[in-house]
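User: I am new to this structure and would like to go through parts of it by question and answer. Please show it first.

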Amino acid sequence: VSAWDVAVVGGGVVGVSIAYHLAAAGCERVIVLEQGQVGGGSSLRAAGGIRRQFSTRANIAWSQAAHERFGAFHDEFAADPGFRRCGYLVLASDEPSTDLLAGAVGLQRELGVPVETLDAAGIRSAFPDLDPSPAAAAGRRVRLGAWTEDDGYVDVGAVLAAIARAAREAGAVVREGCGVRAIDVPEGRVQTDDGPLYAGATIVAAGAWSGRIGRLAGVDIPVAPLRREMWRLRPLAARGPLPWTIDLDGGFYFRPDDDGIVASGALSRSDGLATHLGRELPRAVRGALEGRLPAAACARERGGWAGSVEVTPDGGALIGPHPDADGLWLACGFSGHGFMHSLVAGAVMAEWLLDGKPSAADPHPFRAGRFVDGGAAPERLHQRPPD
Ligand SMILES: Cc1cc2nc3c(=O)[nH]c(=O)nc-3n(C[C@H](O)[C@H](O)[C@H](O)COP(=O)(O)OP(=O)(O)OC[C@H]3O[C@@H](n4cnc5c(N)ncnc54)[C@H](O)[C@@H]3O)c2cc1C
């Protein structure tokens, strides 16, 4: 039976990032246990967004650290992350969303994020393809836009491959096709498809499957899977640059993609781990999208993909020791932001396990115990599901 300092359950971008940071810091016996292939869970299905616009202090701070890491990715990993800085534009139409967005902008500025506000005229002049006050009856007039020019998206395949390679080069073992079947936390015993192993610490980095892993270990990990569809629309004759656009009240987001866009589609809780794609972009989304981006009316739906988002009750990650199980650690529940936060999560977990003091970012707001001690702070800056 093999013995490891750390066993990481899940070989997505978070798991391999943790393994890389641990091994690079000198931890010699690190193993990643992945039931399928590296990235085959949600990581390779992510849209790749890297944004600093959030409503909670913790998500903003983590995103600032993440933004820096992706900016320096090439130097660290000798690989191009394909960081395309198309900018992020968040739009609010209804009064509560406008208040929420104005508050979030204030907090971002306080923390040093260079975020600009745009009114309808400013949006029209910067992005001639966007219609902030669509004539269509169902259209919502934009009251406030928040713009971060330097945000954008990365090539998820390139990033994942580079981090996984760096983890292996630093000495970590990444074992694919090796599912975890049971975890005896007090004994430090992990039962896998390849037999048992012992680990000083076991880290749950199993994305949308983390709630299941909790059940295997006999503890509660409040992460639920939510199926999210993404649709490709093309060709789209845009007159100017298209930013990554989140329409808080319209129930959608989209980002540029070659000669078209990729737009968010249906969200469903009932089949959260399924990855099938529906027949079409839901009509309510398509209508709202065409109101905001009239050129989309002529674009065809050219397929897409679906994956599972790992949601927690307040939309914040779970980072740190499990409060009820000594030796079991959590790095999961990123609620749709795990790709962007993966490098920071890896650094924090490695520092915490090896030195006891994480410094890359403050994990305290993401402690699992916040749901019991009243410290939960809901993240609210995401689009409302379609009406
Ligand atoms: C459609 C879509 C769009 C998204 N867009 C973005 C975005 O723009 N920006 C962003 O930051 N995030 C985005 N996300 C979220 C992002 O994909 C996740 O937050 C991120 O991939 C989490 O990484 P992970 O390593 O924790 O999880 P995963 O990549 O899911 O890895 C977990 C792994 O655990 C494995 N596993 C499960 N059970 C077991 C077991 N019993 N034994 C061994 N292994 C097991 C799974 O096979 C899986 O590979 C998006 C997600 C979806 C679905």
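User: Is Ser268 buried or exposed?

Analyst: This is a predicted model, in which local features need pLDDT of at least 70 and side-chain atom pairs count only at pLDDT 80 or more, while totals for chains, interfaces and linings use all residues. Residues are numbered from 1 along each chain as its sequence is written, and side-chain values use heavy atoms, with hydrogens and water left out. Buried means under 20% relative accessible area, exposed over 50% and partly exposed in between, with a 1.4 Å probe and protein chains only. The relative accessible area of Ser268 is 15%, so Ser268 is buried.

User: Which strand holds Ser268, and which residues does Ser268 touch?

Analyst: Strands (E, at least two residues) and helices (H or I, at least four) are DSSP runs numbered from the N terminus. Ser268 lies in strand S15, residues 260-268. Contact means heavy atoms within 4.5 Å. Leaving aside residues up to four places away in sequence, Ser268 touches Leu226 and Arg227.

User: At what angle do helices H1 and H9 pack?

Analyst: Axes are lines fitted to C-alpha atoms, for helices over the stretch in contact, and angles run from 0 to 180 degrees between N-to-C directions. The axes of H1 (residues 13-24) and H9 (residues 338-355) are 8 Å apart, and the angle is about 40 degrees.

User: How many charged residues are in the contact of H1 with H9?

Analyst: Asp, Glu, Lys and Arg count as charged; Ala, Val, Leu, Ile, Met, Phe, Trp, Tyr, Cys and Pro as nonpolar; and the others, Gly among them, as polar. The contact has eleven nonpolar residues and five polar ones, and the number of charged residues is none.

User: Which side chains of strand S10 point to one face and are buried?

Analyst: Side chains alternate along S10, residues 189-192.
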